[in-house]
Structures are given as C-alpha cells and as structure tokens.
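Please read it alongside the sequence and the coordinates.

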Amino acid sequence: MNIGNAASPKDLPEYYCAWMELVRNLPLLVQTHQLQARVAEMPLLSTRFLRGHRELRLAHMALGFITMGYVWQEGRHQPAKVLPKALAVPYCTVSGTLGLPPILCYADCVLANWRLRDPERPMEIENVDVLYTVPGGDSSKGFFLVSLLVEQSACAGLQGVATIMNSMLTHDITAIQEALSAVRDSIRRMTEVFKLTNKYVDPALFYNNVRTFFMGWSDNPELPDGLWYEGVREQPIRLIGASAGQSCSIQCFDQLLGVQYSDDTGRLFMETMQAYMLPTHRQLVEMLSSWPPLRQFVLSSSIPELQRSYNSCVLALVDLRCFHLSTVARYITIPASRATLVSCPFGGGQAMQGNRGTGSTNVLPFLKGIRDDTKRALITD
C-alpha cells in the first residue's frame, strides 16, 4: 500500500473556495455553532472542475469533514437528520467516481490527511501535520497522525506479503523466511508506533470530543433511519463511521497468516469494512483471500525454521491486538463507565453508545474474539 504523496494537492481550484474555507475553519465553526448556518448558505457547486484522482480525493476528504461537522455540530444527541443539497449532491457524485461511500472514511482522515512540515526531513510525528481536523485540539491531530504512522509502519510488511506470495509459487523457502521476518518486524513496529497514542491523545478529549465526529448513521440510536442526503435519494442512507477496521493493512496480514474469524460477526464486520476502503485496497484484500494459503504451505513443508518464522508473525499480530484492546479500554470503556456514573438520567443514548466502536461493533467483546482467532492461527506441535 502506497500512502506517499497521497495528501497532494493541498488545495482545490478557486471555484471550490466555499468548501475550502469551511473545512479549514471547521473546529472553530463547530465549536461556535456556525457551521450548519454556513453550509445552508453554500452554493451548489459542480464537480466537473475537479482534475484527476488527487483532487477527487481531496474533495472527498473536505466534504467528508464538513459533513461530520454539520451532522454532529450540536453533539452526539442532537444530530442533523438531513444533509443539505449543496453538500449532499457533490459529495455523492465524488464518492461514486472514487468508489467510496459518502461519509468520512479512514482513507480520508488518515491516509490522505497529512503533509510534511519539512520535506527534507523524515516522516516522523514531529515533522507531519494534518490538513484538516475536528474539535479536540492537539488530541484530534495526534489521533490522526499516530494512525497515519501506524499505516506507514505497515508498508514494509505489505511488501513482504507480496514477496511471500510470489516465493510460494517458486517454492523459495529462503525468500519466504526473509519476508516473514520483514512482516514480523513491521507488525512489531506498528505496535510501538501505536503506543504513541498514550502520549499524544488525551482519553477524556478523545471520548467526549474527537470520537463524536467518527460516529456514523448505521445502527445509531440517534439516527435510527440513517441520514437523508437531500437531492440524492428519497430515503435515508445508513453508513458506518470511520474506523481503523477500514484499513487494508491488518486485513492483509490476516489473509496472509490464515486468521479465520470464528463467528459471523467478525466475518461480516471485516467484509463490511472492505466497502469503505479505496477500490485498489479492497482488491488487494480480495486477491490475498483467493491465493493459496501460506499456513498450509508452512504445515506441509515440515521445516521447523519456517514454522517458527510464521509463528513469530502470528505472535506479533496477537501482541498488536492485545495493545489495541488495552487502548480501547483506556479511551472508550473507562471514559464510558465514568460518563454513565455522572450523567443525568435523562441524558439520552450515551450509555447505549458508550461501548460501541465507530464501526458499530460492541467493541471489547469483538476485539477479544478477533485476538483469540489470531492466536488459533499458531502452528503447534
């Protein structure tokens, strides 16, 4: 997966200045309750002046951020139920062209939402900035940037996946072992970078502010019928909010290592998340799922060193998922329990929504199940 230069260009043509002004000032406009009024004044712009894939990606991201700010401006219990025509029509047009749904996706807010402060310096958190953000100050920026650097850490491992797939065809055991080492090291690096969350993202700010703007309108009690996209469809549309499950990296590692999801919930979730990926990323996951299984290849080889290399990758993925569980506990489960204890008894659906992920899963049981599925991929004597 290539995330290099995904963020360019940083601006759209002058014709789209109304979009650019709103998205650049989004946190302030939301916090001062001005965004909905400004969107109501926005002209209906044609998408025909968007030139090429990069401008389409930037437009999708900008319209996605504006949409999330518009819907959740008044908080998670007072969402807007209608997306105005001037926003809904171009957003759905751009989405259809890109093969993405008309909601802010991981491909937008993480994979495309960055720039280097100094192009001559390495891609490190101090040298990367977001293009757009949501209310939550440094914690919202930190969340996007840590997620981006986790994805960057996956790149070497994904190159290893390609090497393994090709080397299985030629039965090149040495190349497979070397590539498995690259996959293992990449997953370990992902875990280490993921730990930067604790430094750059405040749990209370994430739970009470940032997280709201990743909430979608599928299985959401505040928007039970979905969101009506004015001028697009006569019925509301139900869509899932941005989630790390929409990254193809982990799903590619799962496919490589033969992780089998043990219940329908896990399988359905992973399949659903693929619909929110870029088409090329979706195709990569699908291609790996149809490839001859590495696990069976390793088992049939009866080479102890190869089995150890394979198991080291599985264990690295288990460790990553264990850390993900502890992060969810710190940033969602614990703040949710505190909110339930101190909230007004008439506070609406917060307790109901508190332990659900932005991908509409009951997050801790789901992640524990996936972690256990990963453990079962280990080859034992």
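1. Among the elements that line the largest cavity, H15 gives the most, with 7 residues. The structure in question is a predicted model, and the points below should be read accordingly.

2. The largest cavity holds about 900 Å³ of space. Its lining comprises 40 residues, of which Phe194, Ser243, Ala244, Gly245 and His324 are the closest to the centre. In total, the model contains 3 cavities of 30 Å³ or more.

3. At least two residues each come from H6 (106-111), H7 (137-170), H8 (173-194), H11 (248-257), H12 (264-274), H15 (304-342) and H17 (363-375).

4. An α-helix has 3.6 residues a turn, so residues three or four places apart point the same way.

5. Which residue caps the N-terminal end of H12? Aspartate 263 does so, with a side-chain oxygen 2.9 Å from the backbone nitrogen of threonine 265.

6. The model contains 12 aromatic pairs. In one of them, the ring centres of phenylalanine 65 and phenylalanine 144 are 5.9 Å apart and the ring planes stand at 80°, so the pair is edge-to-face. Phenylalanine 65 belongs to helix H4 (residues 52-71) and phenylalanine 144 to helix H7, so this pair ties together parts that are 79 residues apart in sequence.

7. Are the two partners of this pair buried or exposed? Phenylalanine 65 has 0% relative accessibility and therefore counts as buried. Phenylalanine 144, with a relative accessible area of 1%, is buried as well; the cut-off for this class is under 20%.

8. The pair also has a wider setting. Phe65 and Phe144 belong to one aromatic cluster, together with Tyr132, Phe143, Phe206, Phe214 and Tyr331. Helix H7, which carries phenylalanine 144, is also among the helices that supply at least two residues of the lining of the largest cavity.

Methods: Residues are numbered from 1 along each chain as its sequence is written. This is a predicted model: local features need pLDDT of at least 70, side-chain atom pairs count only at pLDDT 80 or more; totals for chains, interfaces and linings use all residues. Side-chain values use heavy atoms; hydrogens and water are left out. On a 1 Å grid over the protein atoms alone, a cavity is a set of points where a 1.4 Å probe fits but cannot get out, and a pocket is an open set with protein on both sides within 12 Å along at least five of seven lines; lining residues have an atom within 4 Å of a point. Grid points are joined across faces, edges and corners, and a volume is the space filled by probe spheres set on the points. Helices (H or I, at least four residues) and strands (E, at least two) are DSSP runs, numbered from the N terminus. A polar contact is a pair of N or O atoms within 3.5 Å; within protein, one must be able to donate a hydrogen and the other to accept it, and residues adjacent in sequence count only if both atoms are side-chain atoms. Rings of Phe, Tyr and Trp (its six-membered ring) pair if their centres lie within 6.5 Å; planes under 30 degrees apart count as stacked, over 60 as edge-to-face and the rest as tilted. Buried means under 20% relative accessible area, exposed over 50%, partly exposed in between (1.4 Å probe, protein chains only).
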